Amino acid sequence: GCVTACEFSADASKIASVGCDKKLILWEKRGRQGHGPCYWRAKHTWKQHGNWIWCVTMNSSASLVASGSSDRSVRLSRWPDSSRFGILPSRKYVGHLGTIHGLAFVDSAGAHFLSAAADSTCRMWDSETRQFREFHAHSGGVFCCASAGGDPVAISGGADRCLRLWDLRVARGVGSFTAHESWVAGCALAFSRQLAASAGPDENLILWDLRRPAALAYLKGHRGWVTNCCFNDAGTELVSVASGFRDLDCDRSVLIWE
């Protein structure tokens with residue numbers, strides 16, 4: 001079936017992928033031959049969701065993998081180490097009333113993570129107790145979220161065309177950024193540089209200065225739907241991707257911006 005999302009580990013030695021076949025697959029790098037492509041081995045496969053899986057994320061050490069699905073649940077799985085055999089059980093987090101579209105770990109240890117859903121809410125979950133704090137501000141489905149990697153802030157984007165900035169300490173919105181002509185499909189945060197980025201089906205990739213509500217720059221290069229974006233760790237480069245289920249949705253390209 002189609003692959004809907006994937007994520008590299010911080011050291012680029014592992015990949016987690018999810019798709020419409022309801023599977024989470026964990027891949028490990030096998031190396032490369034000369035200057036050819038890298039080869040990857042599927043180490044483990046989970047099939048514990050009851051519907052399509054739309055998003056996946058890993059904590060910084062790649063010990064934990066979270067996946068979100070149309071079955072309205074999040075599954076938190078531990079990456080198997082070499083001393084273990086078989087498939088390790090995952091933990092299930094329920095409470096959203098719609099499809100889970102976005103996930104992001106809040107801290108490197110994976111003690112807390114964010115979820116964004118079609119029920120117009122974001123939630124910050126305690127990985128151990130499964131308790132959560134709920135964030136309300138969007139007026140439609142929430143399709144993406146991103147954390148600051150240790151700082152108590154996050155962003156989310158949704159059907160209301162808004163990118164929202166959250167203070168995780170008080171579960172309150174502290175900023176709203178609007179410039180898209182359609183919904184926000186993807187977002188990224190480089191908090192150390194006070195930058196955010198948002199992508200949407202209106203062909204726009206927008207760079208934001210978090211200290212003011214106006215767009216800092218419109219990055220033009222894609223034709224059609226821009227589906228997602230991501231900063232590098234230093235916040236000096238931005239990657240954007242345009243992909244879709246139909247060829248006419250987008251130009252099917254990946255762009256790297258300085």
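What percentage of the 258 residues in the protein chain is buried? In this predicted model, buried residues account for 48% of the chain. The accessible surface amounts to about 12,500 Å², and carbon and sulfur atoms contribute 50% of that area. Among contacts with a separation of 6 or more, 41% are between residues 24 or more positions apart.The secondary structure of the protein chain consists of 23 strands, with zero helices. Four of these strands form an open sheet in the order E1-E2-E3-E4, with antiparallel pairing. Its edges are strand E1, covering residues 3–8, and strand E4, covering residues 38–46, each of which pairs on one side only. From one strand to the next, the twist averages 25°. Within the sheet, strand E2 (residues 14–19) and strand E3 (residues 24–32) run antiparallel and are joined by five bridges. Alanine 16 has leucine 26 in E3 as its bridge partner.

Threonine 99 is located in the loop between strand E8 (91–94) and strand E9 (100–105). Its relative accessibility is 16%, and threonine 99 therefore counts as buried, the cut-off being under 20%. The side chain of threonine 99 makes a polar contact of 3.4 Å with the side chain of serine 70. Beyond its neighbours within four places in sequence, threonine 99 is in contact with Trp54, Ser69, Ser70, Arg72, Ala116, Ala117 and Ala118.

Serine 120 lies in the loop that links strand E10 (112–117) and strand E11 (121–126). Its phi is near 75°, a positive value in a residue other than glycine. Alanine 171 occupies the loop between strand E15 (162–167) and strand E16 (172–178). Although alanine 171 is not a glycine, its phi is positive, at about 55°.

Methods:
Residues numbered from 1 in each chain as written. Predicted model: local features only at pLDDT ≥ 70, side-chain atom pairs only at ≥ 80, totals over all residues. Heavy atoms only, no water. Pairing = 2+ DSSP bridges. Helix = DSSP H or I, 4+ residues; strand = E, 2+ residues; numbered from the N terminus. Axes fitted to C-alpha atoms, helices over the stretch in contact; angles between N-to-C directions. Buried < 20%, exposed > 50% of the residue type's maximum accessible area, 1.4 Å probe, protein only. Contact = heavy atoms within 4.5 Å. Areas by Shrake-Rupley, 256 points an atom, 1.4 Å probe, with all protein chains shown as cover. Polar contact = N/O pair within 3.5 Å; in protein donor to acceptor, adjacent residues only side chain to side chain.
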